[in-house]
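Me: Could you help me read a structure I have not seen before? I would like to go through it feature by feature.

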Amino acid sequence: MFTDDDGGFLSRYADEVEALQLGMGLGLLEHARVLIDDPAADARQLRFLSVQLSAALRDAVRVAQARGAGVPAGAE
């Protein structure tokens with residue numbers, strides 16, 4: 001696999017993309033906490049939030065799988 005070479009271009013790029021995805025997920029979690037605590041949040045906002053959280057979780061699972069965390073492939 002091209003990304004198996006620690007320090008190689010593709011390996012570094014993959015690390016950067018993974019860090020970006022996980023960072024965005026953390027930011028989204030903070031936004032989720034605020035929105036969930038807001039009694040004025042409506043169904044449309046919460047639905048959009050759930051779609052975004054689902055995408056962030058999917059990214060996190062992909063990162064874990066790529067890192068060999070033993071997450072079952074069919075668990076998505």
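Reply: Gladly; we will go from the overall fold to a ring pair, a surface patch and some salt bridges. Please keep in mind that this is a predicted model.

Me: How many helices and strands are there in the protein?

Reply: You will find two helices and zero strands. Helix H1 covers residues 9–37, and helix H2 covers residues 43–66.

Me: What share of the residues counts as buried?

Reply: Of the 76 residues, 17% count as buried. The protein exposes about 5,800 Å², and carbon and sulfur atoms supply 62% of that area.

Me: How should I read a pair of aromatic rings?

Reply: A pair of aromatic rings is described by the distance of the centres and the angle of the planes. Here the count comes to one aromatic pair. Phe 9 and Tyr 13 form that pair, with 6.4 Å from centre to centre and 15° between the planes. The pair counts as stacked because planes under 30 degrees apart are classed that way.

Me: Where do Phe 9 and Tyr 13 sit relative to each other in helix H1?

Reply: They are four residues apart in helix H1, so about one helical turn separates them.

Me: Is Phe 9 buried or exposed?

Reply: Phe 9 counts as exposed because its relative accessibility is 58%, and the cut-off for exposed is over 50%. Tyr 13, at 48%, is partly exposed.

Me: Which residues does Arg 33 pair with?

Reply: One partner of Arg 33 is Glu 30, with the closest N and O atoms 2.7 Å apart. Asp 37 also forms a salt bridge with Arg 33, and there the closest N and O atoms are 3.6 Å apart. Glu 30 lies three residues from Arg 33 in helix H1, while Asp 37 lies four residues from Arg 33 in that helix; each separation is about one helical turn. Arg 33 is partly exposed at 45%, and Asp 37 is exposed at 54%.

Me: What about helix H2?

Reply: Arg 62 and Asp 59 both lie there, three residues apart. They form a salt bridge whose closest N and O atoms are 3.4 Å apart.

Me: Which residues are linked in a network of salt bridges?

Reply: That network links Asp 15, Glu 18 and Arg 67.

Technical notes: Residues are numbered from 1 along each chain as its sequence is written. This is a predicted model: local features need pLDDT of at least 70, side-chain atom pairs count only at pLDDT 80 or more; totals for chains, interfaces and linings use all residues. Side-chain values use heavy atoms; hydrogens and water are left out. Rings of Phe, Tyr and Trp (its six-membered ring) pair if their centres lie within 6.5 Å; planes under 30 degrees apart count as stacked, over 60 as edge-to-face and the rest as tilted. Buried means under 20% relative accessible area, exposed over 50%, partly exposed in between (1.4 Å probe, protein chains only). Accessible areas come from the Shrake-Rupley method with a 1.4 Å probe; for residues, only the protein chains shown count as cover. A salt bridge is a side-chain nitrogen of Lys or Arg within 4 Å of a carboxyl oxygen of Asp or Glu.
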